[in-house]
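Here is a short report on one protein model. Keep the sequence and the structure in view as you read.

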Amino acid sequence: MSAVLSPVRDVAEGQWFRPEKIVVDAGIPREPLLPLLKHYWAKGARHVLMSTSGPLRWPLCESQEIQKCVVWDPRGPPGAVRVLTDEEVWRCQGRQWDLWDQLRREGHTGQCLLKEGSKATGGQTAAALVLMAGYSVGAEVRAGGVLDNLDDANLAKVYFPVQLQVVKTVVQAAMDTEAGTAAWRSAQHRVALGRRIVAARVAPRKGVRRGKAEAAQAEAQVQLDQGPVRPFTGEVGTYVDEWVEDNLCGYLADSTMKQYAGIYYKWKVWSARQGWPTEFLDKSVPVEANENKLLGFLGYLGWLGCSVATLRQAVFAIKDGHKRGGQGDPTEKMHRLWMLLGALEKRSPKKPRRLGVTPGMLQWVAEVMGPHLATTAEERFDSTMVIAALSTAWFFMLRAKEYCDSNGVDLAMIMRGVDFKIEMDPSGDYYVTLQFRKTKTDQEAFGTCKTMYASGVKDLCVVNALRAFKEIAPQRFGQGAEALRPLFRWANGQMLKRTQVQYLLQRAAAGVGLPPERFMSHSLRIGGASALFQATGEIEVVKRTGRWSSSAVQRYLHDGETALKQAASKMASVEQRVHYT
């Protein structure tokens with residue numbers, strides 16, 4: 001509908017009005033931030049409000065009057081809706097513009113044309129039902145009307161009921177000469193107008209050669225069926241709008257979109273409680289007024305105890321919601337807003353730095369919770385799976401979402417059994433290759449592979465851990481029946497959760513004498529990166545293995561005690577000279 005409506009700058013002032021209240025629901029299920037408006041209130045009565053992102057139904061005819069079509073245009077003034085003109089309603093139904101001008105020049109009013117169009121909606125619905133009935137039955141048994149061509153003979157069947165009604169009208173009025181003449185003229189007018197509207201519906205667009213279309217249709221009929229048939233309704237604008245909505249959020253990760261949706265919903269509720277017409281900030285008012293509204297919302301979140309990171313994320317969620325609604329960046333020139341966030345960041349208490357998992361912690365888990373202590377087959381399965389999961393996450397520096405349930409399972413990112421390949425090189429050494437289909441820094445899912453060889457250390461080898469898990473659960477690897485499902489699942493089929501990993505790590509930290517409160521699920525990635533850096537001293541190797549795309553890896557690295565063992569003696573024995581001019 002938005003493709004054929006008049007631009008906002010061309011809309012007359014009389015078409016806009018501000019209702020008492022607008023109800024904005026949280027969009028379609030696949031994207032809560034895209035608004036779908038339903039109702040508005042005027043003079044205490046509720047009315048239907050339509051959005052420009054979808055199709056427009058024909059307005060109903062009540063008491064010889066056509067209902068007004070009221071839409072909400074995100075490009076219009078905040079809190080205002082507008083009434084569509086008769087010509088816009090005509091264009092939204094896919095009718096030709098030149099036919100509207102021609103019928104108006106012949107003396108037909110806009111209300112008359114819309115009334116005739118509203119009568120044709122029943123025929124369109126019946127045709128659609130017959131078409132779907134033809135597709136639902138077998139190819140050898142088709143509904144009779146489906147194979148009818150758009151020729152004069154079949155169009156005459158459409159005109160016959162209208163002509164029959166004309167005859168009945170004339171016969172009933174034959175007793176009165178003047179009344180009969182008036183009825184005859186009225187019937188002729190209705191038949192001619194109905195033929196024009198039907199012809200406009202089935203006529204090809206300008207520039208389309210019917211010969212090529214028929215040839216292409218005949219060629220398509222002899223091709224093999226590649227899937228279910230989907231009848232085309234002609235609503236091109238609807239498909240275009242749906243495509244835009246589906247791909248509008250592709251530049252953000254799914255987890256970020258979920259967080260933005262939750263915060264933006266709070267912003268919409270806050271806007272409604274404050275009595276604002278919509279959740280969009282009005283750019284026609286001074287920036288200070290909009291900034292005060294945004295600061296009030298942040299103050300409310302701060303009063304609830306939200307962290308500085310949550311407040312900053314709320315600002316970006318509101319910015320994203322305004323951009324989706326076509327309102328631009330609402331935080332432009334809001335200097336006090338960023339000053340507040342900076343001050344809160346400086347004053348907020350800093351949490352202790354998270355520590356990385358050490359090799360001793362993984363060995364403690366293998367000794368205390370290993371399969372050699374299991375009393376049942378289920379316990380042996382679970383302990384083998386846990387050791388394989390922790391070893392894989394530590395050696396390959398996995399993020400929690402890549403191997404366990406972290407606030408949901410991302411099927412495009414989670415590790416599956418088919419993603420692992422355990423092989424032996426010509427020298428007889430085993431190695432495992434892990435394929436990453438999609439990562440946090442690879443949202444386009446180009447994919448990458450990493451390989452690790454056997455370490456040779458007891459209870460601390462990712463190759464041996466995965467081989468042991470493959471022996472007990474062969475159906476989860478290679479060509480097994482469960483190879484395409486997430487790999488690290490318990491014996492009962494449930495996913496390994498991030499909170500369970502955190503509990504195991506904190507128990508291991510307490511077991512080796514480290515503070516358990518400073519170990520989270522991300523500590524496996526931190527510990528693996530620190531161990532690789534201490535072993536190689538190459539920061540680029542750590543970045544490539546851990547799939548870091550920036551220098552953020554520097555925050556995770558911990559230097560060991562022996563990293564600078566010879567540094568002091570080398571510094572003291574250097575022959576340092578000062579050069580000056």
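## Helix H2

Helix H2 spans residues 97–105, and its buried residues are Leu99, Trp100 and Leu103. Buried means under 20% relative accessible area, exposed means over 50%, and partly exposed lies in between (1.4 Å probe, protein chains only). Seen around the axis, these three cover an arc of only 105°, so they sit on the same side of H2. The arc is taken from the directions from the helix axis to the C-beta atoms. An α-helix has 3.6 residues a turn, so residues three or four places apart point the same way. Gly107 follows H2 and has a positive phi, near 105°.

Helices (H or I, at least four residues) and strands (E, at least two) are DSSP runs, numbered from the N terminus. This is a predicted model: local features need pLDDT of at least 70, side-chain atom pairs count only at pLDDT 80 or more, and totals for chains, interfaces and linings use all residues. Residues are numbered from 1 along each chain as its sequence is written, and side-chain values use heavy atoms, with hydrogens and water left out.

## The whole protein

The protein has 19 helices and 12 strands. Of its 581 residues, 37% are buried. Contact means heavy atoms within 4.5 Å. Among contacts with a separation of 6 or more, 60% join residues 24 or more positions apart.

## Helix H15

Which residues of helix H15 are buried? They are Val462, Val463, Ala465, Leu466 and Phe469, in a helix that runs over residues 462–472. Down the axis of H15, they fall within an arc of 165°, so they line one face of the helix. These buried residues pack against helix H14 (377–395) and strands E10 (420–424), E11 (430–436) and E12 (448–453).

## Salt bridges

Side chains of opposite charge can pair when their charged atoms come close. A salt bridge is a side-chain nitrogen of Lys or Arg within 4 Å of a carboxyl oxygen of Asp or Glu. The count here is 11 salt bridges. Glu88 and Arg82 form one of them, at 3.3 Å from N to O. Both Glu88 and Arg82 are buried.

Asp320 pairs with Arg324, and their closest N and O atoms are 2.6 Å apart. Both lie in helix H11 (residues 308–324), 4 residues apart, about one turn of the helix. Asp320 is buried because its relative accessible area is 4%. Arg324 is buried too, at 12%.

Arg476 and Glu482 meet in another salt bridge, at 3.5 Å from N to O. Arg476 is buried at 3% relative accessibility, while Glu482 is partly exposed at 23%. Elsewhere, salt bridges that share partners join Arg399, Glu402 and Arg547 into one network.

## Positive phi in loops

Most residues other than glycine have a negative phi, and most peptide bonds are trans. Arg547 is not a glycine, yet its phi is positive, about 60°. Arg547 lies in the loop between helix H18 (539–546) and helix H19 (567–573). Is Arg547 buried or exposed? Arg547 is buried, because its relative accessible area is 7%.

Asn407 also has a positive phi, near 55°. Asn407 sits in the loop between H14 and E10. Asn407 is exposed, with a relative accessible area of 67%.
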